[in-house]
Amino acid sequence: MLHTKETLYASKIFFNAALPLVKVIATDVPSLKSQFDKLTGVVQISALDPDTAGGKVATSFEITQGEWNVVLDSVHESPDVELQFKSLEAMNSFFAGKMSLGTLPKMKGVFSSFGLFKAFLMTLLKMSGLLGAKEPPKDEETKILLVKSFFYLLSSGISQLNKMGHEGIHDWALKSPDRVYSWAVDGYPQISAYLRVKAGQSRAGRGEYKRAMPFFTLRFNNLDSALGILLDTDDMLEALKAGRLIMDGAPEFGGQIGGFMLEIAALAK
């Protein structure tokens, strides 16, 4: 079965940019973090794909008493818990919120590793609820987690599409000298993210880029302003005029990054 480019792009975003956020959420939310403190095991999310060597693609999480290691682009032979989708299309639909009997994964290890399964599933549902939010949360801690998750998703997602040869993004990256693009919120350095690009290569990073001043930063004056753009409830031009969004760098680069952000959002729907 040959997949469309959109299917392949979306699955890469889910596997390599969205699912790694499970670790972020599990370590940042105290009620979830405490559940993993005494758990050890491997959890894998996979999708069957006859076009791939081995017939399966996956992201796995190696958990050792609260310590997490995320393994991308590799299939674990014997995970303790596995959520296995019948196809990339089914997985994309599931994580885009289009759930049906045909998109539900086969769940392995539910009874033999119930504690691990339950804790992971609760974290996965928390991630799904955050990324599927239609309006900003009311408490600051959740706002911080949501903005951080979106920043990480966007920086990683753009980098992943570049590595896959996405026409618009890869062409842009090929023409780029060594530059760093970043996302930030005034007063919250802990929720920054960045993307380093050079001659077709790219690398996403979390936190502030401290080796040099970023070439361009998409900066918000507060959490609510960031969520207005990230949740698509605010207009970018109006936010710029009102000072809710600040482009530290030439505006044309803001337009490029904004367009790539919209591409990630479209593929994840």
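Student: Which residues lie nearest the centre of the second largest pocket?
Tutor: Ser182, Ala184, Ser192, Glu208 and Thr217 lie nearest its centre, and 19 residues line this pocket in total. A pocket is an open set of points, on a 1 Å grid over the protein atoms alone, where a 1.4 Å probe fits, with protein on both sides within 12 Å along at least five of seven lines; lining residues have an atom within 4 Å of a point. The model is a predicted one, in which local features need pLDDT of at least 70 and side-chain atom pairs count only at pLDDT 80 or more, while totals for chains, interfaces and linings use all residues. Residues are numbered from 1 along each chain as its sequence is written, and side-chain values use heavy atoms, with hydrogens and water left out.

Student: What gives the most to that lining?
Tutor: Strand β6 does, with four residues. The elements that each supply at least two are β6 (179-185), β7 (193-198) and β9 (216-220). Strands are DSSP runs of E with at least two residues, helices are runs of H or I with at least four, and both are numbered from the N terminus.

Student: How do the residues of that lining divide by class?
Tutor: The lining of the second largest pocket has 10 nonpolar, five polar and four charged residues. Here Ala, Val, Leu, Ile, Met, Phe, Trp, Tyr, Cys and Pro count as nonpolar, Asp, Glu, Lys and Arg as charged, and the others, Gly among them, as polar.

Student: Which residues lie nearest the centre of the largest pocket?
Tutor: They are Leu131, Phe150, Leu230, Ala265 and Lys269, out of 32 lining residues. Two or more lining residues come from each of α1 (5-18), α5 (114-131), α6, α8 (223-230) and α10 (251-267). Helix α10 has the largest share, seven residues. By class, there are 21 nonpolar, five polar and six charged residues in this lining.

Student: Changing topic, where does Asp186 lie?
Tutor: Asp186 is in the loop between β6 and β7.

Student: Buried or exposed, or in between?
Tutor: Asp186 is partly exposed, because its relative accessible area is 31%. Buried means under 20%, exposed over 50%, and partly exposed in between, with a 1.4 Å probe and protein chains only.

Student: What does Asp186 contact?
Tutor: Beyond its neighbours within four places in sequence, Asp186 is in contact (heavy atoms within 4.5 Å) with Arg219, Phe220 and Asn221. The side chains of Asp186 and Arg219 are joined by a polar contact of 2.9 Å. A polar contact is a pair of N or O atoms within 3.5 Å; within protein, one must be able to donate a hydrogen and the other to accept it, and residues adjacent in sequence count only if both atoms are side-chain atoms.

Student: And Thr59, where is that found?
Tutor: Thr59 belongs to strand β2 (residues 56-64). Thr59 counts as buried because its relative accessibility is 0%. Its side chain reaches the backbone oxygen of Phe15 at 2.9 Å.

Student: Which helix holds Phe36?
Tutor: Phe36 lies in helix α3 (residues 30-36). Phe36 is buried, with a relative accessible area of 1%. Its contacts, leaving aside neighbours within four places in sequence, include Ile63, Trp68 and Phe120.
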